[in-house]
Each structure stands twice: as structure tokens, then as C-alpha cells.
Protein chains: 2
Amino acid sequence: MNRRYAILAPGHFASDAKTAHGVIAYGGDEVVAVIDAESAGKTIHDVVPYLQSTAPIVATVQEALQFAPTSLLIGTAPKGGGLPADWRAAILSAIGARLEVVSGLHDQLGEDPDFKLAAQRAGTTIWDVREPPAVPLFSGAVYGVTAPTLLLVGNDCSVGKMTVALELCRAAERAGNKAAFVPTGQTGIMIAGWGISIDRVIADFAPGATESLVLYAAQSKPDLIVVEGQGSINHPAYAPVTLALMYGAAPDALVLVCDPLRDRIGGYRTPTLGYRELIRLHEALLATVKPARVAGIALNTRYLDDAAARKEIERAEAETQLPADDVVRYGPDALYAAVAPQMRKGRPCGV
Amino acid sequence: MNRRYAILAPGHFASDAKTAHGVIAYGGDEVVAVIDAESAGKTIHDVVPYLQSTAPIVATVQEALQFAPTSLLIGTAPKGGGLPADWRAAILSAIGARLEVVSGLHDQLGEDPDFKLAAQRAGTTIWDVREPPAVPLFSGAVYGVTAPTLLLVGNDCSVGKMTVALELCRAAERAGNKAAFVPTGQTGIMIAGWGISIDRVIADFAPGATESLVLYAAQSKPDLIVVEGQGSINHPAYAPVTLALMYGAAPDALVLVCDPLRDRIGGYRTPTLGYRELIRLHEALLATVKPARVAGIALNTRYLDDAAARKEIERAEAETQLPADDVVRYGPDALYAAVAPQMRKGRPCGV
């Protein structure tokens, strides 16, 4: 389905609507309007300058309807848990106008009696993107995928693994290669319009869910499969999801995404690891199941000035003897060109 | 609650009722009867000689009632998925007699309308032990536990990690130390009467679920906490659960359980790892979060004769410079005595 999104972000679009910004920046589907009374009358680009879209910001769902959206996207949760009354009214209004509702909220909108009944009556659907479908156990079928597969890993959550994956896909396309992005978390799913939140899958089935995503991506006969990463291998809470992606995607190469200023895992006292230790751990684990090497390092230097960014990139290269770059600051083409030769199809152990 | 179990195992008790045998061998609750018409009239010991219990085997739930059970335990699933009609009748008969039903089946008996309504009417309960409760995200509270914690890991599933954990608890008790066994899978849960099937927890919450189990065990002020292991660190499907136990339990020492004849991960082509590679991988992962060392090796030499078993134990010791033994064949006291000095409380990274 080609969606046309109206994005619901009341009071949030200018500030913390991370999912909305991601869908506008990278989404395959068009964003035709944003609903946020605080910025109504401006364009997306007016409010978030790094986004190129000039789609309008309006105050209400009713006003957004003139731009013929097919779907209402809810990407940002209001602070404090429950859905405020005006959000409920906006969602019901969209359902009444037969828009599909696409939600990344923790609470399942499809299980809310009001929304569920309204959607049934209107003949439209609610897609809770965090809610995983039934998935199989890991089978090893992923070892038969012929396209080289790249997995993003990193030194913590929220360091830019999804952004690097999407930028490397763009670089691959510019270099004449068809790249398939594999979404494994809610923003990635909204951007691509498919995918599974691996962190919400029952632990036993997380590698199988990852495998099923790669198999699905392979159906389009891409030249390259790029799997969005999650967590970090020494994250006390999320490392099992990281490992599920490593064994389930069976990558042929990794790109390591690091925020060099992040010295502790977010929310914990656990220290983040250095480049060489991260490389060693990931490669040692994969070597026992489906060998793959780290091919390059993508640094998130957002909080550094240009000189400090270049110095950190040089340090990473000197420490690891691998190509390093910031694909947002300097564009992804150089890092893509440096890592592409490493993306040769490898074989699993024991075959 | 002190349970008195009647175990339902029609046609299975003599052969593959692994959970039933485990509960009889190690359970804290008494097994007062087994229901299996094929062996009716004999005792447990008659049919499974290594079990010491002389409790009777009877043909029907009605006959079992004379031994005053509080609970019907269903530990083995019939082949082929669905519940056959005679099992349904037996379970309904137990519910009618106000027995609690404790089930390790994949299908949730508590969600079956017939069973649910019958239990409501009889005023009794159904405990589906595989179904996890709501669990928190990992918090790090486990780092405050003062009892040394031992985690079992291994070269594959079904190599005896639970049995070794239980045997080491027995040895600890004999040595005058109070040991708390932490169950992380269905048979362990039935044996201990509490616990969580970590493999059924949503991936993000698996370390938090493990942490909550260790915190619960710590409440009884044990001298030692022994956590049942699951899977293996290079198991393509179950390694995320293994890693969740490692980071979530934050152990102070590990014991490695290996079947030396297992050369591939069960159901996959992935080779199992050697002793030294297993030790390296587990210690390298833990070193980044909560350092702990492998303190000893428990071999499962069930399929070897005595000479071959002793040779394999010697080989493991020579290769690793660690104490090794088969705690079933030779008893757990020697291995416990050898590893106990390694169980000193350690500190997490970054504190």
C-alpha cells in the first residue's frame, strides 16, 4: 500500500517528535500534513530546518483531510502514559474519516474498545506497529539468502544505528546497487511500512523473527540487505535483542555505530566499550555460528565541532585499522565505498 | 503452599515423562500418586528404578484421590499437539475434585473455556507455569544481593544444567550452607513451586525477569544462590535467553555443563564449542557488565562407560586447569567443594 500520512503530534512536532522526523526524512511513504496546533500555518521545513519537506502543518484532523491522507500516524507518546482527551478525539475523528491509524505507542490502540469499535464501524484498520505477529523459531533458512547482509551494531541504544542503516542504503542506491532496509524497531517500521519490533518478541522467538524479516527482504532480490540494529552487546537489559539480531540476521558484515561521548550505557552505570573491545566481542560471538567481520565504524559526532569530529574519526581509524566516518555530517558515500568490498556472502559454521 | 501432587502421565510415565521424573527426584513437594493406566498397580520405583519413591501408580484421577493430593501436575504433552479426549476428561475430573491444576503444556489450560469455567465453578485454580507474569525492566537491583550467585551454562540445551544446579544445591546443604535454587524453565518451576520460564518472556524484559527471580531468592537469606541455566551462548535460537540469564542474574561464578558427545547444537548444524572457547566467550561477555569466572566443569557422561567418563573428566581438567566431574555419576560433593572457594561476591563494572 502507498500510504499518504497525516502525522499527529500535538505540541510535539517542533521538539521531540523523533519518529515523525524520521518518517519525514527517510520514509518511503509521503507525509502530506502534520497536525500540531502550536505550529499551524507553517511548513515542516519552517519548523525543523534540516527536513526538506514543505508539507503544511495544520491544527486539526479535519483540516488535514483536504490533503487526502490515507493514514494517521502517531509517532510520539504524550508524557506520562495515558492518552489525553484531545488526542483521543483526534484519533476518533481520523477513524471516522476512514483513515488507517498507524501507532507506535506502547498501549495497543487496536485493543482500546472505543477505537476498535469505531474502526470496525468505519471499515478501516488500526496498525499497532510494536505488536509483533506470530513468528517461527529460527530455522537456518536465512543461510540460503544470496544477497550480502549488513547488520548495524553500536556502543549503546539511541546512537544512530537506524539513521546509519538508512544513509548506507541511500549510498548503495546512488552507487547503482539495490538495497533493502530491514526495520527491527518502531521508527524503522513506520519508515519502511513493514517490519517487526524485535524487542517485543518472546525471547525464544527473537532470532526467528529476525530471520523472517531478512527472508522477506530477500524476496525483492536486492543487491544488499541492511538490517537496523538494536541495543548493544553489553547493554544489561537489551543485549539479548542485539544477540538475537546477530544470530537471526546471520550478517556477512557489521558496521559499528558509536557515540564517542557516551561513556555509560544509558540509564545504567555499565561503561560503554571501546572500539576494539566491541569489535572483538561481536566477531567472537559470530565466529561460532556465522562468521562476519566489522567492516567500518560510523561515528555520531553530533555534539562535537568539526575539528573534534575529524580528530575522533582519525582516532577510530588508527585504533581499529578500519574506515570510519560520520555519515550524517559528511554523507554516507565515502563510508559505503570503503565497506562495500567487505560485503561478500559468507557461510555459516558447520556447513 | 505445600503441594501434594498427583501426576497425570497416561501412557508416558515409564518412558518420556521427563518433568514428572524431575519433580519426583528433586521436588520440594510430595508426589503422592502417578496416574498412568499402563503401569497401574506398580510403584514409581518399580517402573523407574533410579527414583526412590514408592508412591503408587493408579489408573484414574478418582483412584488417586484416596492419597489426598492437593494438585494435579501435567508435565508431559501428548504427541501431536492437541489434548486427547481422555486427558481432558481426567483434568476436568481433577478440577471437579477441587484439585489445583499445574500445567507445563504449551497451550494455556487456564485459557481453555471448559477448564476455566470448571475451575471457577469448583473454586480452584489453574497454574500454567510457562506463562510469565508481568516483569520489570532490568534495574541493577540484583547488584545489591549479598549472597554469592552461581549460574549454570552449557554447550547446548538438554545437557543437564538443571540437574547439576539441583545436585550442587544438595551438596551445599550437606556442607552446611543454605542454597536457594532459582528456576528459569518449566521443569525447574514445577520442582521448586515458583519461577519464570525466561524463554517465554518478551525479549526486552528477559534480563529483568531473571533479576526479579534472583531478588526473590535472596529474600530467604541463603548462603548461596544457584540459577538454572538455559540454552547455550552459541545456540542460534536460544542464545539470547542464555545472555539474558548472564546479565540478569549477574552471577559471581559459572559452572559449565557439557555433554562431550554433543558435537552440534541440537536441531542445527552449528558446531558446539570446546571447553576453552566456551569459557572465553562467557567470561568476555560478563567482563563488560559484571565480571565472573567459570569455576568448574560438570560433565554429562551418561553415554560413556566408566573408563571413558574418567578419561573425559581428566581431559577437561587438563585443557582448562579447572575442576571437572560428573555430579550424577560420582555425586556433587567433590565438584561443590572444588568450586565453592570461587564463590566470592563480585562487583559490577562502573560502580
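In this predicted model, twelve residues of domain 1 of chain A are in contact with seven residues of domain 2 of chain A. Helix α1 (residues 18-26) of chain A gives the most to the domain 1 side, with five residues. The residues of that side divide into four nonpolar, six polar and two charged. The domain assignment places domain 1 of chain A at 4-128 and domain 2 at 141-342, and their centres, taken over C-alpha atoms, are separated by 29 Å.

The contact between the chains draws 37 residues from chain A and 37 residues from chain B. On the chain A side, α8 (206-218), α9 (239-249) and α10 (275-287) each give two or more residues; the largest share, six residues, comes from α9(A).

The two sides described above have these compositions:

| Side | Nonpolar | Polar | Charged |
|---|---|---|---|
| Domain 1 of chain A, touching domain 2 of chain A | four residues | six residues | two residues |

Helix α11 (residues 306-320) of chain A has 15 residues, which at 1.5 Å a residue should span 21 Å; its end C-alpha atoms are 21 Å apart, in agreement. Within α11(A), the residues A:Ala309, A:Ile313 and A:Ala316 are buried. Viewed down the axis of α11(A), the buried residues fall within an arc of 60° and therefore line one face of the helix. An α-helix has 3.6 residues a turn, so residues three or four places apart point the same way. The cover over the buried residues of α11(A) includes α10, β11 (293-299) and β12 (324-325) of chain A. On the other side of α11(A), A:Ala307, A:Glu314 and A:Ala318 are exposed. A:Gln321, which follows α11(A), has a positive phi, near 60°.

Technical notes. Residues numbered from 1 in each chain as written. Chains lettered and ligands numbered in written order. Predicted model: local features only at pLDDT ≥ 70, side-chain atom pairs only at ≥ 80, totals over all residues. Contact = placed C-beta atoms within 7 Å. Helix = DSSP H or I, 4+ residues; strand = E, 2+ residues; numbered from the N terminus. Domains from an automatic or database assignment. Nonpolar A, V, L, I, M, F, W, Y, C, P; charged D, E, K, R; others polar. Expected span 1.5 Å × (residues − 1). Buried ≥ 20, exposed ≤ 12 C-beta atoms within 10 Å, placed from the backbone. Arc of directions from axis to C-beta.
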